[in-house]
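Here is a note on the model, written as numbered points. Please read it with the structure open beside you.

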Amino acid sequence: MVAIKIGMLHYVLDHVYGAFMHRTKLSPPFFSRGWGGSKLDLLENMIKQIFPAAEGQNWPPRLIQPMWKTVWETKNACLKEGLFRTPCDEQIINALPPESHVARVAFLAPKFVPPHKMACVVHLAGTGDHSFERRLRLGGPLLKENIATMVLESPFYGQRRPFLQSGSKLLCVSDLLLLGRTTIEEARSLLHWLDSEAGYGKMGVCGLSMGGVHAAMVGSLHPTPIATLPFLSPHSAVVAFCEGVLKHATAWDALRQDLSTAMTLHEVQEHMRHVLSLTDVTRFPIPKNPNACILVAATDDGYIPKHSVLEVQRAWPGSEVRWVTGGHVSSFILHNGEFRKAIMDGLNRLKWKEPPN
């Protein structure tokens, strides 16, 4: 009985936090400028091209050459920040806001360890994570395990945020698909750089919430086996915007007017489900090593229902789900130790790359 009451408390906390953050007038809702017009059509067509690809025929990541500067170093570790032009094709670049054309990344690594004896995990941003700090705090303690951390700043976030956008509230539905497609391309290119240029022995990708959806997609599409680690994340953005707390933070009236004022709210929401079905991870190929995929989910998550997490596990035979006690917000704060353990265990399920001659 006590456990049930505590679980309900976590669930209620998620909804109270969501109401404060998204249902007050402190900030505008998501998608206040509608669907995105021709940009949405472009992205729908480009994303649909991913799905027919047979396993093992994923398009190769594009090579990037980040320009690095050292932020600080100690006797055992070094933090660098890098810049690189987004490797997306010209159609995507033209659809992105100019502020998002250049990607930013932080790279925290041990010193004096040969790269082929180290692993590195690319950490992707959750909704509202505009800086490097929280993800660096998650990865920092893994330095002693010879695991480096690379943190990508999402397009539309941080210094890449468009001038007219308020906080994390994307202006158009097309921006959400743009953010996802660009993040996937950039993360795959960073993993390719870690492999071919930096010479790391193992790689992985992780993310919380929205970042976990993107991590699952990157793990699915990457041409070589990597650890794939979605934390507190759904199988699709449909869950967040059509079922979860963010449903109350969406500008449904603006979206209806952008389509047809004669449509009902239910019809507009069904159209949103159709568009966001493109983000359904279960439609993507199975990762090259699903045994190195560990999902960490919360028992009383007000944002992510249990069935959504289990859909990914069913689609990826061999993957593992681990449950932590709490809600979305409390687990985000309290369970970093479980996230780190999942990172270590996922990497341990990969073979080391052959060392250079």
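1. Helix 5 passes helix 6 in a right-handed crossing. A crossing is called right-handed if the near helix is turned clockwise from the far one by less than a right angle, and left-handed if anticlockwise. Helices here are DSSP runs of H or I with at least four residues, strands are runs of E with at least two, and both are numbered from the N terminus. The model is predicted: local features need pLDDT of at least 70 and side-chain atom pairs count only at pLDDT 80 or more, while totals for chains, interfaces and linings use all residues. Residues are numbered from 1 along each chain as its sequence is written, and side-chain values use heavy atoms, with hydrogens and water left out.

2. The angle between helix 5 and helix 6 is about 55°, and their axes are 9 Å apart. Axes are lines fitted to C-alpha atoms, for helices over the stretch in contact, and angles run from 0 to 180 degrees between N-to-C directions. Helix 5 and helix 6 are therefore oblique to each other. The classes are roughly parallel for angles under 35 degrees, roughly antiparallel over 145, roughly perpendicular from 65 to 115, and oblique for the rest.

3. Which residues of helix 5 and helix 6 meet? On the helix 5 side they are Leu179, Gly180, Thr183, Ile184, Ala187, Arg188 and Leu191, and on the helix 6 side Met210, His214, Met217, Val218 and Leu221. By class, this contact of helix 5 with helix 6 has 8 nonpolar, 3 polar and 1 charged. Contact means heavy atoms within 4.5 Å. Ala, Val, Leu, Ile, Met, Phe, Trp, Tyr, Cys and Pro count as nonpolar, Asp, Glu, Lys and Arg as charged, and the others, Gly among them, as polar.

4. Helix 5 (residues 173-196) also packs with helix 9 (residues 265-276), at an angle of about 20° and with axes 11 Å apart. That angle makes helix 5 roughly parallel to helix 9. The crossing of helix 5 with helix 9 is right-handed. Val173, Leu176 and Leu177 in helix 5 meet Met272, Val275 and Leu276 in helix 9. The contact of helix 5 with helix 9 has 6 nonpolar residues, no polar and no charged ones.

5. Helix 2 (residues 38-48) has Leu40, Leu43, Glu44, Met46 and Ile47 buried. Buried means under 20% relative accessible area, exposed means over 50%, and partly exposed is in between (1.4 Å probe, protein chains only). The buried residues of helix 2 pack against helix 3 (90-95), helix 5 and helix 9.

6. The next topic is salt bridges. A salt bridge is a side-chain nitrogen of Lys or Arg within 4 Å of a carboxyl oxygen of Asp or Glu, and by this rule the count comes to 16. Arg160 and Glu186 form a salt bridge, at 2.7 Å from N to O. The two are 26 residues apart, with Arg160 in the loop between strand 5 (147-152) and helix 5, and Glu186 in helix 5. Arg160 is buried at a relative accessible area of 1%, and Glu186 is buried at 0%.

7. Asp345 and Arg322 form another salt bridge, with the closest N and O atoms 2.8 Å apart. Asp345 lies in helix 12 (residues 336-348) and Arg322 in strand 9 (residues 320-324), so the pair ties together parts that are 23 residues apart in sequence. Both Asp345 and Arg322 are buried. Salt bridges that share partners join Glu320, Arg322, Lys341, Asp345 and Arg349 into one network.

8. Phe112 has a positive phi of about 65°; Phe112 lies in the loop between strand 3 (102-110) and strand 4 (119-124). Is Phe112 buried or exposed? Phe112 is exposed, with a relative accessible area of 72%. Ser209 has a positive phi near 60° and sits in the loop between strand 6 (202-208) and helix 6 (210-221). Ser209 is buried, with a relative accessible area of 15%.

9. Buried residues make up 55% of the 357 residues.
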